Amino acid sequence: PLCAPLPAAMSASMSARLQAFINHPAGPKTIHFWAPSFKWGLVIAGLADINRPAEKISLPQSMALTATGLIWARYSTQIIPVNYNLLSVNVFVGLTGLYQLVRAVRYQREQKAAASS
């Protein structure tokens, strides 16, 4: 294991379920828990951008977030143990990126149509 088990005094007072969570290979004693937890900041930023004007959305950034979310979501199902925290955050990163990507593409198509008429 990456970390030693909890001291006996602490272990006795915790439920078995909580102990299983804490000592899990992707639990809070590992980077496999904390990295996806902090990655939720990307989701929050994506949600904050929902009201951003479509002309200010970056296509490359939205494509990168969509691709990153989808690739890492798939990866998180292939590693052992499956990291559901990583899976969930990357699904949301991909979805927020995809939503912004669709908004930006629609805006650009509307601008081209308006310019040609």
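Trainee: What share of the residues of the protein counts as buried?
Mentor: Of the 117 residues of the protein, 26% count as buried, and please keep in mind as we go that this is a predicted model.

Trainee: Let's take helix 3. How far apart are its end C-alpha atoms?
Mentor: They are 26 Å apart, and this agrees with expectation, because the 18 residues of helix 3, residues 31–48, should span 26 Å at 1.5 Å a residue.

Trainee: Which residues of helix 3 are buried?
Mentor: The buried ones are Phe33, Pro36, Lys39, Val43 and Gly46. Looking down the axis of helix 3, you would find these buried residues within an arc of 130 degrees, so they line one face of the helix.

Trainee: And which residues are exposed on the other side of helix 3?
Mentor: On that other side, Ile31, Phe38, Ile44 and Ala48 are exposed.

Trainee: Moving on to pairs of helices, how do the axes of helix 4 and helix 5 cross?
Mentor: The axes of helix 4, residues 59–78, and helix 5, residues 84–116, come within 7 Å and cross at roughly 150 degrees. Because angles over 145 degrees count as roughly antiparallel, helix 4 is roughly antiparallel to helix 5. As for handedness, helix 4 passes helix 5 in a left-handed crossing.

Trainee: What kinds of residues make up the contact of helix 4 with helix 5?
Mentor: The residues of that contact divide into 15 nonpolar, eleven polar and no charged.

Trainee: What about helix 3 and helix 5, are they roughly parallel or antiparallel?
Mentor: Their axes come within 9 Å and cross at roughly 20 degrees, and helix 3 and helix 5 are therefore roughly parallel to each other. Helix 3 passes helix 5 in a left-handed crossing.

Trainee: Could we look at some single residues? Is Val93 buried or exposed?
Mentor: Val93, which lies in helix 5, has a relative accessibility of 1%, so it counts as buried. The C-alpha atoms of Val93 and Lys39 are separated by 8.6 Å, although these residues are 54 residues apart along the chain.

Trainee: How far apart are Leu95 and Leu70 in space?
Mentor: From C-alpha to C-alpha, Leu95 and Leu70 are 8.6 Å apart, while in sequence 25 residues separate them. Leu95 lies in helix 5 and, at 49% relative accessibility, counts as partly exposed.

Trainee: Which residue is 9.1 Å from Ile80, C-alpha to C-alpha?
Mentor: That is Pro25, which is 55 residues apart from Ile80 in sequence. Pro25 has its place in the loop between helix 2, residues 16–23, and helix 3, and with a relative accessible area of 47% Pro25 is partly exposed.

Conventions: Residues are numbered from 1 along each chain as its sequence is written. This is a predicted model: local features need pLDDT of at least 70, side-chain atom pairs count only at pLDDT 80 or more; totals for chains, interfaces and linings use all residues. Side-chain values use heavy atoms; hydrogens and water are left out. Axes are lines fitted to C-alpha atoms, for helices over the stretch in contact, and angles run from 0 to 180 degrees between N-to-C directions. Helices (H or I, at least four residues) and strands (E, at least two) are DSSP runs, numbered from the N terminus. Angles under 35 degrees count as roughly parallel, over 145 as roughly antiparallel, 65 to 115 as roughly perpendicular and the rest as oblique. A crossing is left-handed if the near helix is turned anticlockwise from the far one by less than a right angle, and right-handed if clockwise. Ala, Val, Leu, Ile, Met, Phe, Trp, Tyr, Cys and Pro count as nonpolar, Asp, Glu, Lys and Arg as charged, and the others, Gly among them, as polar. The expected span of a helix is 1.5 Å times one less than its number of residues. Buried means under 20% relative accessible area, exposed over 50%, partly exposed in between (1.4 Å probe, protein chains only). The arc is that of the directions from the helix axis to the C-beta atoms.
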